[in-house]
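User: Please take me through the labels attached to this model, and tell me for each one what it rests on.

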Amino acid sequence: MLSNIRVVLVGTTHPGNIGSTARAMKTMGLSTLYLAEPKVAPDGQSVALAAGASDILKHAVTVDCLEDAIADCSLVIATSARSRTLDWPMLDPRQAGEKLAGAAVNGPVAIVFGRESNGLSNDELQKCNYHVTIPANPEYTSLNLAQAVQIICYEARVAHLAMDPETVEEQAYPLAKEQENFFVHLEKTLLSTGFIIKQHPGQVMTKLRRLFSRARIESQEMNILRGILTSVDKKVELAQQATQDAQSTKEE
């Protein structure tokens with residue numbers, strides 16, 4: 001199950017950090033590393049700092065963006081400092097480890113780490129189900145990337161070792177790509193009904209993303225919601241067609 005826990009580094013700028021991350025992962029039994037839009041590729045320094053974990057570097061997957069790195073994951077947790085502007089469901093490292101280990105029973109999950117200088121953007125953070133903050137010393141919170149990876153990987157390993165396979169319940173949750181398709185569909189429908197004004201969208205979609213992330217809906221529930229949206233879309237199309245027909249008749 002630990003192989004289903006994917007570590008995703010976004011926009012990494014230092015090759016040494018990639019190597020140190022590989023080492024932190026391997027000591028905890030994790031092996032799947034994704035590099036999303038990295039600014040550098042693993043090199044000799046990466047191999048040196050991997051200290052025997054070069055196999056993880058060798059099999060690391062490089063993708064163009066975060067969406068590609070998490071598309072097939074049913075659970076995505078982002079590391080983030082607590083934000084006043086983006087009130088998202090928050091976890092501590094222990095809770096994050098437990099959720100990652102539990103969801104990994106059913107397939108790939110991801111823990112996402114942002115850029116060394118400024119972390120993840122708000123748009124990237126909104127694509128994740130939860131955010132996790134490491135409660136470091138408030139007077140000195142300077143954790144480097146590999147240290148942060150080590151902490152979360154350790155908690156995932158502890159949670160994994162504590163699990164009883166016979167009591168684990170398999171549950172189907174939508175993949176990140178499916179969740180994103182739902183939000184695109186939801187926004188399109190709300191625009192068509194006039195609930196969201198295109199010129200002044202406000203924070204409606206951000207708040208709805210937060211709501212559904214907090215609710216953690218299952219695949220069947222999302223299918224029901226997609227069906228509801230489709231039925232609304234059909235009603236809107238019929239109403240628009242009726243309006244057009246009436247206008248055409250009036251002009252004739």
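**Labels and what they rest on**

Analyst: Glycine 194 is found in the loop between α8 (176–193) and α9 (204–215), where helices (H or I, at least four residues) and strands (E, at least two) are DSSP runs numbered from the N terminus. This is a predicted model, in which local features need pLDDT of at least 70 and side-chain atom pairs count only at pLDDT 80 or more, while totals for chains, interfaces and linings use all residues. Residues are numbered from 1 along each chain as its sequence is written, and side-chain values use heavy atoms, with hydrogens and water left out.

User: Why is glycine 194 called partly exposed?

Analyst: The relative accessible area of glycine 194 is 38%, and buried means under 20%, exposed over 50% and partly exposed in between (1.4 Å probe, protein chains only), so the value falls in the middle class.

User: What makes threonine 21 a buried residue?

Analyst: Threonine 21, whose place is in helix α1 (residues 15–27), has a relative accessible area of 0% and therefore counts as buried. Leaving out residues up to four places away in sequence, threonine 21 touches Val7, Leu9, Leu33, Leu145, Ala146 and Val149, a contact being heavy atoms within 4.5 Å.

User: Which residues of helix α5 are buried, and what do they pack against?

Analyst: In α5 (residues 93–103) the buried residues are Pro93, Ala96, Gly97, Leu100, Ala101 and Ala103. They pack against β1 (5–10), β4 (75–79), β5 (90–91), β6 (109–113), β7 (130–132) and α7 (145–162). In general, an α-helix has 3.6 residues a turn, so residues three or four places apart point the same way.

User: How do you know that lysine 127 and glutamate 180 form a salt bridge?

Analyst: The N to O separation between the two side chains is 3.4 Å, and a salt bridge is a side-chain nitrogen of Lys or Arg within 4 Å of a carboxyl oxygen of Asp or Glu, so the pair qualifies. Lysine 127 lies in the loop between α6 (122–125) and β7 and is buried, with a relative accessible area of 15%. Apart from neighbours within four places in sequence, lysine 127 is in contact with Glu67, Ile70, Glu180 and Arg209.

User: What makes arginine 209 part of a network?

Analyst: Arginine 209 meets glutamate 180 in a salt bridge of 2.6 Å, N to O, and this pair links distant parts of the chain, arginine 209 in helix α9 and glutamate 180 in helix α8, 29 residues apart. Salt bridges that share partners join Glu67, Lys127, Glu180 and Arg209 into one network. Arginine 209 is itself buried, at a relative accessible area of 11%.

User: Why is the phi of glutamate 37 worth a remark?

Analyst: Glutamate 37 has a positive phi of about 40° although it is not a glycine. Most residues other than glycine have a negative phi. Glutamate 37 also forms a salt bridge with arginine 115, the closest N and O atoms being 3.9 Å apart; the pair links distant parts of the chain, with glutamate 37 in the loop between β2 (32–36) and α2 (44–50) and arginine 115 in the loop between β6 and α6, 78 residues apart. At 26% relative accessibility, glutamate 37 counts as partly exposed.

User: How are the two domains set against each other, and how many salt bridges are counted between them?

Analyst: The protein is divided into domain 1 (2–163) and domain 2 (176–249), bounds that come from an automatic or database domain assignment. Their centres, taken over C-alpha atoms, are 32 Å apart, and the contact takes 16 residues from domain 1 and 10 residues from domain 2. The area buried between them, meaning the accessible area (1.4 Å probe) that two parts lose on being put together, summed over both, is about 1100 Å², of which carbon and sulfur atoms give 48%. On the side of domain 1, Trp88, Gln126 and Asn129 lose the most area to domain 2, together 37% of what that side buries. The count between the domains is 1 salt bridge, whereas the structure holds 8 salt bridges.
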